[in-house]
Amino acid sequence: RPRLYEPRGNVPNAVWEAIWPWVPANCRVYDPHLIYVPVTDGTSLRTCLEKCKKNKDAAMVFFAYGKNSDIMGGFSPTIWVRSSGYLDLLSFARAAEDAFVFRRLQGGAVDVYPWTGSNQMLLQASEMHGLIFGGDDAAIHINQDLQRATSSASKSFNSPPLLPTGGHQADVDAGQSVGDWFEIVRFEVFALK
């Protein structure tokens with residue numbers, strides 16, 4: 001797992017240990033630094049994007065926590081940046097194919113879904129639409145107040161909906177698009193620097 005500095009955030013060591021080998025070697029030389037958490041920084045997407053802007057050259061790992069110890073998140077070769085649509089992958093300093101999403105349901109094993117390259121939709125961020133990761137249905141969509149999220153089956157990662165909504169675990173297991181919003185208990189953004 002990576003070397004973590006205070007504040008460490010709430011990510012369990014088992015989750016770091018499961019996802020860290022998926023982070024490309026050229027990014028693993030950096031350490032994750034917690035740069036944004038609504039509990040201390042407020043639930044303003046504008047603040048989140050400003051903190052990310054200060055780390056504009058960094059890759060990122062982000063985590064959204066649901067109920068029942070559920071966690072979903074992703075690794076991106078570029079950090080959240082304000083956009084009016086999906087970012088142009090050619091503008092990235094690192095390859096988009098290193099991106100992935102992951103989930104851990106109810107404290108169980110971590111499932112990782114790597115970038116498929118089947119579309120050009122990795123991420124977008126706007127104060128109107130929130131944070132969106134993955135396309136042809138967003139693997140992770142966090143609303144603009146950073147308090148609710150939804151997850152759908154996404155072509156970008158060939159992933160099922162990552163977290164259950166309203167207790168419909170069967171929908172997640174069957175890989176069906178769920179689309180219902182659920183409350184985020186906690187949200188964290190780490191810059192690799």
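## Surroundings of N119

Leaving aside neighbours within four places in sequence, N119 is in contact with L89, G135, D136, K155 and S156. This description rests on a predicted model. N119 is placed in the loop that runs between β5 and β6. With a relative accessible area of 7%, N119 counts as buried, because the term applies to values under 20%.

Two of these contacts are polar and involve side chains. The side chain of N119 meets that of D136 at 3.4 Å, and a polar contact of 2.9 Å links the side chains of N119 and S156.

Y86 belongs to the loop between β3 and β4, the latter strand covering residues 100-104. Its relative accessible area is 29%, and Y86 is therefore classed as partly exposed, the class between 20% and 50%.

Not counting residues up to four places away in sequence, Y86 touches Q120, M121, L122, L123 and Q124, together with I132, G134 and G135. Y86 and D31, by comparison, are separated by 55 residues in sequence and by 27 Å in space, taken from C-alpha to C-alpha.

## The six-stranded sheet

An open sheet is formed by six strands, in the order β1-β11-β2-β3-β4-β5, with antiparallel pairing. The edge positions are taken by β1 (32-36) and β5 (110-114); each has a single partner strand, so one side of each lacks a neighbour in the sheet. From one strand to the next, the twist averages 20 degrees.

Strand β2 (residues 59-65) pairs with strand β3 (residues 71-76) in the antiparallel sense through six bridges. Within this pair, A64 stands opposite M72 of β3.

## Strand β11 and its partners

Strand β11 pairs with β1 over four bridges, in the antiparallel sense; here P32 has L192 of β11 as its bridge partner. Seven bridges join β11 to β2, again in the antiparallel sense, and A191 of β11 is the bridge partner of M60.

β11 is mostly covered, with seven of its seven residues buried. The burial extends to both faces of the strand: R186, E188, F190 and L192 lie on one side, while F187, V189 and A191 lie on the other.

Which residues of α4 are buried? They are L45, C48, L49 and C52. Viewed down the axis of α4, the buried residues fall within an arc of 95 degrees, so they line one face of the helix. These buried residues pack against β1, β6 (123-126), β7 (130-133) and β11.

At the start of α4, a side-chain oxygen of S44 comes to within 3.2 Å of the backbone nitrogen of R46.

## Summary of the arrangement

In the sheet order, β11 stands between β1 and β2, and both faces of β11 are covered. The buried residues of α4 pack against β1 and β11, among other strands.

Technical notes:
Residues are numbered from 1 along each chain as its sequence is written. This is a predicted model: local features need pLDDT of at least 70, side-chain atom pairs count only at pLDDT 80 or more; totals for chains, interfaces and linings use all residues. Side-chain values use heavy atoms; hydrogens and water are left out. Two strands pair if DSSP finds at least two bridges between them. Helices (H or I, at least four residues) and strands (E, at least two) are DSSP runs, numbered from the N terminus. Axes are lines fitted to C-alpha atoms, for helices over the stretch in contact, and angles run from 0 to 180 degrees between N-to-C directions. Buried means under 20% relative accessible area, exposed over 50%, partly exposed in between (1.4 Å probe, protein chains only). The arc is that of the directions from the helix axis to the C-beta atoms. Contact means heavy atoms within 4.5 Å. A polar contact is a pair of N or O atoms within 3.5 Å; within protein, one must be able to donate a hydrogen and the other to accept it, and residues adjacent in sequence count only if both atoms are side-chain atoms.
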